[in-house]
Amino acid sequence: MINIFEVSETNQMIEQENLDVRTITMGISLLDCIDDNLENVRNRVYDKITRMARDLVKTGEDISAEYGIPIVNKRISITPAALVGGAACKSPEDFVLLAQTLDQAAKEVGVNFIGGYSALVSKGMTKADEFLIRSIPQALAATDRVCSSVNLGSTKTGINMDAVRLMGDIVLETAKATADKDSLGCAKLVVFCNAPDDNPFMAGAFHGVTEADAIINVGVSGPGVVKHALTQVRDANFEVLCETIKKTAFKITRVGQLVAREAARRLDIPFGIIDLSLAPTPAVGDSVAEILEEIGLEMAGAPGTTAALAMLNDQVKKGGIMASSYVGGLSGAFIPVSEDQGMIDAVNAGALTLEKLEAMTCVCSVGLDMIAIPGDTKATTIAGLIADEMAIGMVNQKTTAVRVIPVIGKGVGETVEFGGLLGYAPIMPVNTFGCERFVNRGGRIPAPVHSFKN
Amino acid sequence: MEKTIITVVGKDTVGIIARVCTYLAKEQINILDISQTIVDGYFNMMMVTDTSGCAKGMKELSDEMKALGEEIGVVIRCQHEDIFQMMHRI
């Protein structure tokens, strides 16, 4: 039988170390809402989302109360909107109307974000894909809860550089369209290489076309728990360190597995995957950077950071995989700057640079995440940043992403406040040397050879 | 059997167990096991209970026990056993 020490350990994790289930995300296929009449599409989309997700928030709250574990977010991901609206939307403005429908549906069922205002263009863009991409600035300015993502490349197809170049403009335009809110729109826009179909985390969640009609995916969290566990083995060798991370990741993931199974049962929707990510929040003690410090770095960004993060990421997966039957999504440590107090401190102290963050993304999910950059950064420079990150994903057969926020009207040294889980961020300098000729070439970067790996 | 774990944590005082047990008896909740320690003057108790005879739902039970805890000056949590089983047993 369970003993008092085990019970206390669990409750301490929840109360003092910020253990929570970060999100229950219901994936909903909207392929059956396709029509060539936009009004019909909007009605069907609204009806289907509000019908399928009617009990999502309440179920999440019930499970949270019964097990005593906070479930922070209840969210929805949908079939990439470029596919759903492709036949009906004849212009970017039409897609904005579809985005507003998604926003209304999200508000009706009470979820805090709906993801999947997306286009998958890793090899080429259809007319609909391009309309959707061009509608993103307006769509994100006109809605509150819609999240957008674009897949620009993959290991199998290479990188669509035309789309990368276009996204450089779109990120900047989104920043301008939401300039009155410190360019918040860009916090809801992410570009990917090798985007997973079953990611429950925003802003990149969408319901892939290979998925069932509806599915429950769960994202766990718990950087604070890992950090606390590591304080107990300070100065121990790597074997002990790795064992501790694995055991902790196992425990965290088991809670996610329980919540996922229970949510799936109560909503009568199949369980999809658990995403084993260490997702930090701006709360003190809930930080991936603090884990790196506990491992032995003065600050995140110091030499050794990439190695420490690689080890952390791998051990989290090793522990987590045993705890769940189905693991998917992004599954790795997140290193968003604005959502992680330790990362913010490291940037402010000058320990962590954009270039070091890029190196870190080679060994963990997911990419340059929630990084505020000067508002006068050129679109081509943003495209160059994106291209670099896509290349890392393509060559290393992993998911990478870019979610940078060019904060209009602000420069290096200033701070931007997004509020809530999105946190706040110091604006980081970007290399100002140009890459216009490179990103303006047009066409695609071919897929890499899958042998001769050096 | 519906096993629920009840934990009580707080400053030690007279009658904590009595108050909690009186409530459980009133709600037809059977106590299967109790363990209790005092650490640094803080009262720490765990009960394994069977709630299958209780007419109230888990949420209601949890809210009422929380309120009772506030009355006594301790924190009472009421959680389904599965979360502990999942985390600590392979």
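First, a definition: helices (H or I, at least four residues) and strands (E, at least two) are DSSP runs, numbered from the N terminus. Two notes on the source. This is a predicted model, where local features need pLDDT of at least 70, side-chain atom pairs count only at pLDDT 80 or more, and totals for chains, interfaces and linings use all residues. Residues are numbered from 1 along each chain as its sequence is written, while chains are lettered from A and ligands numbered from 1 in the order in which they are written.

Chain A, then. It has 15 helices and 13 strands.

Now the inside. Of the 454 residues in chain A, 61% are buried, meaning 20 or more other C-beta atoms, placed from the backbone, within 10 Å of their own. The largest nonpolar core has 175 residues. Such a core is a set of buried Ala, Val, Leu, Ile, Met, Phe, Trp, Tyr and Cys residues joined through C-beta atoms within 7 Å. H9(A) gives the most to this core, with eleven residues.

Last, the partner. Contact means C-beta atoms, placed from the backbone, within 7 Å. Here 20 residues come from chain A and 22 residues from chain B. H1(A) gives the most to chain A's side, with six residues.

Methods
A residue is buried if 20 or more other C-beta atoms lie within 10 Å of its own, exposed if 12 or fewer, and partly exposed in between; C-beta atoms are placed from the backbone. Two residues are in contact if their C-beta atoms, placed from the backbone, lie within 7 Å.
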